Amino acid sequence: MVLKAEIHCHLEGAASPALVESQARKYNVDVSNIISNGVFVWNDFTQFLKCYDGAADLFRSADDYALLSETYLNELADDDCIYSELFISTDHARAIGISEQDYIDGIAEGMRRAKEKTGIEARMIATGLRHGGPESVLRAAKYVAGNPHPLITGFGMGGDERMHHPKDLAPGFDVARDAGLGITTHAGELVGPQSVRDSLDYIKPSRIGHGVRAIEDPDLVKRLADEQIVLECCPGSNISLKVYDEFEDHPFMALRAAGISVTLNSDDPPHFHTSLKREYEIGANEFGLSDVELTQITRTAIKAAFVDEETRKQLL
Ligand code: ADE
Ligand code: ZN
C-alpha cells in the first residue's frame, strides 16, 4: 500500500456531481447547464471555470462547506491519503453572500470531522483569482493576513493564467508572505515558460501549481532544479484540459529526471475524471513509477507542505 499526500486540489472543484446535484435539490436550482448524465460538462478552460463557479454557487453556508470538505477528505482517507492541502477562495464566500469567516469556519469544521474519523491532516491555502485582477488578489491576501486561522497556512492563485502580469499581482503575495504564509501560484499550465519565469521573479513562490510547460526551456528547468522549486503536477488535469494530448507527451518524468521535485495531485478531480488515487495509478501505469518511487513522491509533497514542523515530522 502506498500512502499518498496531496498539495494541489481546489475545494469547490472537488465537489462531485452527485453532491452538487444534491445541493441543487436543496436550493431548488437547475444544474442541467453544468451537469449532464452525472458528469460535469465543459469544453475548454474558460467553460471549465464557468462550470466550476456554477458548482461552487451551490455551497451557500458554513454547514454546506463543512459537508463539502468532510466528504472530500473522507474519500481521500479511504484511498490512503494522509495529508491534503485544499485551495479555498474567499471570493466564493463573497459571491454567495456569506462572510469570509463563516466560509473558513465551515471548511475547518469539515476538516476537524474528517480528521476525527480518519486521522487525515488537512490545511487550507487561501487563493486569489487571477482573472479577478491585482486588486482582488490583494483583497484576498489582506483578509487572511488580517484574520489568521491556524488551518490556513498558505496563499496561492488560480484562475486564468492568460490574464495579468505577475509583476502586477505580486503585492497580494507580499502581504501573504509577510503574514508568514507559504507561497504557491499556478503557472506554466496554459502559458509557456515565460509565465513560470515571471512568477518566480515577482511572486517568489516555493512551489508552482503545474509548472509543466517549463520543460519548453532548458535554462528554466535548470533554474527550477537549482532553486528547489517544487512542482504540484496534475497529469490527469493536463490531459483533460488538453495541455498535452497523451500521457506519453507529458513531461512529468523529464522534469523529474532533470532533478526537479515533482508531486502528484488531482486539481479538480471530478471535472477531470480523476482522483488522487488515479493520479498515483497514472504515475505507476503511464510513467512506470514503482511503489518506492511513488512513496518518495508522497514524501516530497509532505516536505513541501505548508505545515508546522511537528506535524510534518509525524507525517514523514
Ligand atoms: N482553478 C481551478 N482549477 C484550476 C486550474 N487547473 N488552473 C487554474 N485555475 C484553476
Ligand atoms: Zn489547480
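Leaving aside its neighbours within four places in sequence, with which residues is Asp268 in contact?

1. Asp268 is in contact with His10, Gly13, Ala14, Tyr52 and Ser237 once its neighbours within four places in sequence are set aside, where contact asks that the C-beta atoms of two residues, placed from the backbone, lie within 7 Å. This is a predicted model, in which local features need pLDDT of at least 70 and side-chain atom pairs count only at pLDDT 80 or more, while totals for chains, interfaces and linings use all residues. Residues are numbered from 1 along each chain as its sequence is written, and chains are lettered from A and ligands numbered from 1 in the order in which they are written.

2. Asp268 lies in the loop between strand E10 (261–264) and helix H12 (276–285), helices (H or I, at least four residues) and strands (E, at least two) being DSSP runs numbered from the N terminus. Asp268 counts as buried because it has 27 C-beta neighbours inside 10 Å, the cut-off for buried being 20 or more other C-beta atoms within 10 Å of the residue's own, with C-beta atoms placed from the backbone.

3. The UniProt record, an unreviewed entry, lists Asp268 under "binding site"; such annotations may be inferred rather than shown by experiment. In the model, the residues that surround ligand 1 include Asp268, together with His10, Gly13, Tyr52 and Ser237 among others, a residue being placed there if its C-beta atom, placed from the backbone, lies within 6 Å of the molecule.

Note on methods: Buried ≥ 20, exposed ≤ 12 C-beta atoms within 10 Å, placed from the backbone.
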